[in-house]
Amino acid sequence: MRTLERTERQSHPKKSLAKVGNLVTDFMELCLGAVLLWVLVLDCCGWVEAGILYRVQEEQPPSTLIGSLASDQGLPDSGHLYKLEVGAPYLRVDGKTGDIFTTEIPMDRETLRDCRSMVRGKPCFLEFEVSVTDLIHNQSPRLIEGRIEVQDINDNTPQFPSPVLTISVPENTHLGALFSIPLATDRDSERNRVADYALIAGPDAATLFGLQVAEDRGEKLPQLIVLGSLDRELKDSYDLTIKAVDGGNPQRYSSALLRVVVADANDNAPKFEKATYEAEVSENSPVGHSVLQVKANDSDMGPNGEIEYTLHQALDPVPKLLRIDRSTGIIYVKGPLDREEISDLTFYVVARDKGPQPKSSKTFVTIQVTDQNDNSPAVEIRGIGLVTPQ
Ligand SMILES: [Ca+2]
Ligand SMILES: [Ca+2]
Ligand SMILES: [Ca+2]
Ligand SMILES: [Ca+2]
């Protein structure tokens, strides 16, 4: 089994390490657990300190030199064999010089396993280990470990959760009211993240909507401000454009369609098509005969615009003689109509919407009961005889 001698640069002389290495070599040959034990021994004695640290920007082309172990760290530059133990597939090491290079596999800070879950704002490190074997003296290989700080570049564009963002704003909202706009995200770090938002509005919306960007723990929060009065019955949606820019250089940005849907409020009462209604019905019309339809309209939406009709201030005997269909407004004969008993039926019809706070209006209805000559003979005219109405 190959044995490895762990070398920590910058923190202690090689001699002391070599000594420790010799002492524990026997242990190491027993099993892998021994290697772990050795690490613990070094740790407990304070010999492991900050190792080698290189810095490189993410997404560098293949074969970009990250560091030269031999020259940078004062390691032998001839007669030794360098081999990468940990760090593939992002790194490769020149066997002779110990130079560390990037590979064909790009080092993407935003997808590196070690960096994905890191706390925001913390640097991203890729760990590596290189073994060094002395080819001339045939000594046990030594292990060099270090870290590469993968630095951010602005390679991500702010993205909104969807190309069309919809927010609902009730009509008649008071001026200055704020509505949250969905955030854009940018996977880069700190200054390369989302830095600002802009709102682009056409002439129909520019006076009605504005943008306010709040900030919470470094995160920008875009909010739509209502600047003018909104009337759904006039216009029920506005299409704006929201743009997110990051703080990189050059800046990256993207836009989304921000659709403001004006939600209905019950701000309209039903309106009758006529101020008053008049109709005639012949007496003795059968029960169920339709006499008249009243009709009101309500420009609100859903229940706010659904209308129910009822008779109002209908004194006896009207409620016994007529009924109204609540949803259609059609008035039907309900009981026997007798002109001799009552010739004019007058009452109001109320139209009420089904909004949470209903609005209503009323109209006045006059129905004349017409004669059907059920009292014969009507008139006797001397010399002519009996006249019967046609
Ligand atoms: Ca970015
Ligand atoms: Ca980046
Ligand atoms: Ca209404
Ligand atoms: Ca309305």
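This is a predicted model: local features need pLDDT of at least 70, side-chain atom pairs count only at pLDDT 80 or more; totals for chains, interfaces and linings use all residues.
Val-350 in strand β23 sits across from Lys-362 in β24. Strand β23 covers residues 344-353, and nine bridges tie it to β24 in an antiparallel arrangement. The two strands make a hairpin, with six residues between them.

Strand β24 (residues 360-370) has another partner too: β17, residues 276-282, pairs with it in the parallel sense, over seven bridges. In that pairing, Val-281 is the residue facing Val-369 of β24.

Three strands line up as β3-β6-β5 in an open, antiparallel sheet. Its edges are β3 (65-68) and β5, each of which pairs on one side only. Ignoring direction, neighbouring strands here are turned by 20 degrees against each other on average. Between β3 and β6 there are three bridges, again antiparallel, and Leu-65 has Phe-101 in β6 as its bridge partner.

Here are the strand pairings described so far, side by side.

| Strand pair | Sense | Bridges |
|---|---|---|
| β17 and β24 | parallel | seven |
| β23 and β24 | antiparallel | nine |
| β3 and β6 | antiparallel | three |

Which residues touch the most other members of the largest nonpolar core? They are Leu-69, Leu-126, Val-130, Ile-144, Ile-148 and Val-150, out of 22 residues in that core. Strands β2 (52-57), β5 (91-93), β7 (124-134) and β8 (142-151) each put in at least two residues. The top contributor is β7, with five.

Setting aside neighbours within four places in sequence, Val-150 is in contact with Val-56, Glu-58, Met-107, Arg-109, Leu-112, Cys-115, Cys-124 and Leu-126. One of those contacts, Leu-126, is also on the list of residues that touch the most other core members.

Thr-111 lies in the loop between β6 (99-102) and α4 (113-116).

Ala-256 counts as buried, because 20 C-beta neighbours lie inside 10 Å and the cut-off for buried is 20 or more. Beyond four places in sequence, Ala-256 is in contact with Phe-160, Ser-162, Pro-163, Val-164, Leu-165 and Ile-242. Ala-244 is twelve residues from Ala-256 in sequence, and their C-alpha atoms are 8.7 Å apart.

Finally, the whole chain. There are five helices and 26 strands. Of the 390 residues, 26% count as buried. As for how the chain folds back on itself, take the contacts between residues at least 6 apart in sequence: 66% of them join residues at least 24 apart.

Terms used:
Residues are numbered from 1 along each chain as its sequence is written. Chains are lettered from A and ligands numbered from 1 in the order in which they are written. Helices (H or I, at least four residues) and strands (E, at least two) are DSSP runs, numbered from the N terminus. Two strands pair if DSSP finds at least two bridges between them. A nonpolar core is a set of buried Ala, Val, Leu, Ile, Met, Phe, Trp, Tyr and Cys residues joined through C-beta atoms within 7 Å. A residue is buried if 20 or more other C-beta atoms lie within 10 Å of its own, exposed if 12 or fewer, and partly exposed in between; C-beta atoms are placed from the backbone. Two residues are in contact if their C-beta atoms, placed from the backbone, lie within 7 Å. Axes are lines fitted to C-alpha atoms, for helices over the stretch in contact, and angles run from 0 to 180 degrees between N-to-C directions.
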